[in-house]
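User: I want to check the labels on this model against their cut-offs. Take me through them one at a time.

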Amino acid sequence: MKRPLLMLLGGALALSLNGAGGYPIDAFEETGIARLEGYRLANQGQIPGNRLLPGALLGSSQIRLRLRDRPDFEIPEPDSALARDIARLLGDAAPDTSVSVLDLSDPDVPLYAEHRGQAALIPGSVGKVMVGVAMLQALADLHPDDIAARKRLLRETQVTADRFIRHDSHTVPLWEPEQQRMTRRPLREGDTANLWSYLDWMMSASSNAAASTVIRQLMLLRRFGRDYPVSADDEAALFRDTPVGERGELLRDSLVSPLARNGLDTERLRQGSFFTSEGRRLVPGSGSVSTVRELMRMLVRMEQGLLVDEWSSLELKRLLYMTERRIRYASSPALNDAAVYFKSGSFYRCEPEEGYTCRRYQGNVMNLMHSVAIIESPAGEPRLFYLVALTSNVLYRNAAVEHQTFATRLHALIRDRHAEPAAP
């Protein structure tokens, strides 16, 4: 069963691959990510729009790597008592759910537990975090000692959506400064924005079109190096004239090898293909896989500043900071005051069954829901700091509600572990 499951991401059955993330809303001037200006104005009441939750209001300078001074930190051996508590929180969903939890609220006494830590499933949209790692590695390889040059490439490189975005229904937020309004729609061929915006759309709106566009740019970076960005003719020639097998090899080198270079086990964690059907048609990929243990190792290395380098790790964490609408695991009301760094993905499939109606996130054949989250509660001066990786395939149930419920229960468990003793 494992091999077909790993390959489903490359087929035509991907009914839903969603998630959310974001970027601090004070970063428009630095990044050129236009939606941030619209969100900032809405949050100040200057234009119509939803106000952000308290935990989503950190500035860029307030986001930091909390294990930066602990480069030798290793995930401790699993704690059996915490593992039993986690299994209890999952209830009868435990056989089809995998969880990895690392409580660093007291960094001198870390506590780790996992449930089915090595169970392998396709990562879905959580794989977009791996695309982010690969892009940041490519920028570092191009400019190893020049952070300003990396920022210039991200901010000044103008990227136009082309056929690689076919076909994707995810909407992205678009700021229209002349009308002083925010709209949402799927990306269209011809849409142009800077590379930083495409990275943000890939994370914040979980746009498959944006993710495939980022992967296309990643391959161009790898092929052309210092000559990137290249002309439209050179770009078209790469995907027209290069033999198909060579294109596939370039994709694997662009996406998978950066994870191995960063100390991650690519047999347990990798994104091997484009996120759109046209991208997969033009460039053959390989299977994608994830385990909660290896996802946790990736999050820890980011917090240590060891994913690529310190600047890249911090940039990835900013890209994961939630200033979009919170969904699934992150939508738990218990996390409203928390800074949440988050990526999620779903993948469900239904077949006709008597007495059953197919609904979103409630597949009867497959019902994958995956989340990675870093919780700092309350935002700014956290008393609680913990990391979570969660994957599930619980059929028939609303997986988004299941993840939200688990988030609420786990937060209460962590909170109670660190509660101040009552005064006599």
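Analyst: Start with confidence. pLDDT is the predictor's confidence in each residue, on a scale from 0 to 100. Contact means heavy atoms within 4.5 Å. Over residues 1–20 pLDDT stays under 50, and the model has 64 contacts beyond four places in sequence for them. The protein chain has a mean pLDDT of 93, with 94% of its residues at 70 or more.

User: What are the ground rules for the values?

Analyst: This is a predicted model, where local features need pLDDT of at least 70, side-chain atom pairs count only at pLDDT 80 or more, and totals for chains, interfaces and linings use all residues. Residues are numbered from 1 along each chain as its sequence is written, and side-chain values use heavy atoms, with hydrogens and water left out.

User: What makes His-370 buried or exposed?

Analyst: Its relative accessible area is 3%. Buried means under 20%, exposed means over 50%, and partly exposed is in between (1.4 Å probe, protein chains only). So His-370 is buried. His-370 is found in strand 10 (residues 366–377). Helices (H or I, at least four residues) and strands (E, at least two) are DSSP runs, numbered from the N terminus. Not counting residues up to four places away in sequence, His-370 touches a list that includes Leu-121, Pro-123, Lys-343, Leu-390 and His-403.

User: Why is the pairing of Asp-162 and Arg-216 called a salt bridge?

Analyst: The term needs a side-chain nitrogen of Lys or Arg within 4 Å of a carboxyl oxygen of Asp or Glu. Between Asp-162 and Arg-216 the N to O distance is 3.4 Å. The pair therefore meets the cut-off. Asp-162 lies in the loop between strand 3 (158–160) and strand 4 (171–176), and Arg-216 in helix 8 (residues 208–224), so the pair ties together parts that are 54 residues apart in sequence. Asp-162 is partly exposed at 22%, whereas Arg-216 is buried at 1%. The whole structure has 32 salt bridges.

User: How do you know that Lys-317 and Glu-376 form a salt bridge?

Analyst: Their closest N and O atoms are 2.8 Å apart. Lys-317 lies in helix 14 (residues 310–320) and Glu-376 in strand 10, so this pair ties together parts that are 59 residues apart in sequence. Both ends are buried: Lys-317 has a relative accessible area of 0%, and Glu-376 has 1%. Salt bridges with shared partners join Arg-66, Glu-303, Lys-317 and Glu-376 into one network.

User: And what is the exposure of Arg-240?

Analyst: Arg-240 is exposed, with a relative accessible area of 55%. Arg-240 forms a salt bridge with Asp-241, the closest N and O atoms being 3.0 Å apart.

User: What makes a set of residues a nonpolar core?

Analyst: A nonpolar core is a set of buried Ala, Val, Leu, Ile, Met, Phe, Trp, Tyr and Cys residues joined through side-chain atoms within 4.5 Å. The largest one has 88 residues, and Tyr-198, Leu-316 and Leu-387 touch the most other members. Its largest share, 10 residues, comes from helix 5 (residues 127–142). Apart from that core lies another, of 29 residues, among them Ala-83, Ala-94, Phe-342 and Leu-384. Beyond its neighbours within four places in sequence, Leu-316 is in contact with residues including Val-129, Leu-136, Met-203 and Met-302.

User: How do you know that the buried residues of helix 10 lie on the same side?

Analyst: Arg-247, Gly-248, Leu-250, Leu-251, Ser-254 and Leu-255 are buried in helix 10. They cover an arc of only 160 degrees around the axis, which puts them on the same side of helix 10. The arc is taken over the directions from the helix axis to the C-beta atoms. These buried residues pack against helix 5, helix 8, helix 9 (232–241), helix 11 (257–261) and helix 12 (277–282).

User: What is the span of helix 10 against the expected value?

Analyst: Helix 10 (residues 244–255) has 12 residues and reaches 17 Å from first C-alpha to last, close to the 16 Å expected. The expected span is 1.5 Å times one less than the number of residues.

User: Which backbone values stand out at Tyr-361?

Analyst: Tyr-361 has a positive phi of about 65 degrees although it is not a glycine. Tyr-361 is buried at 11%.
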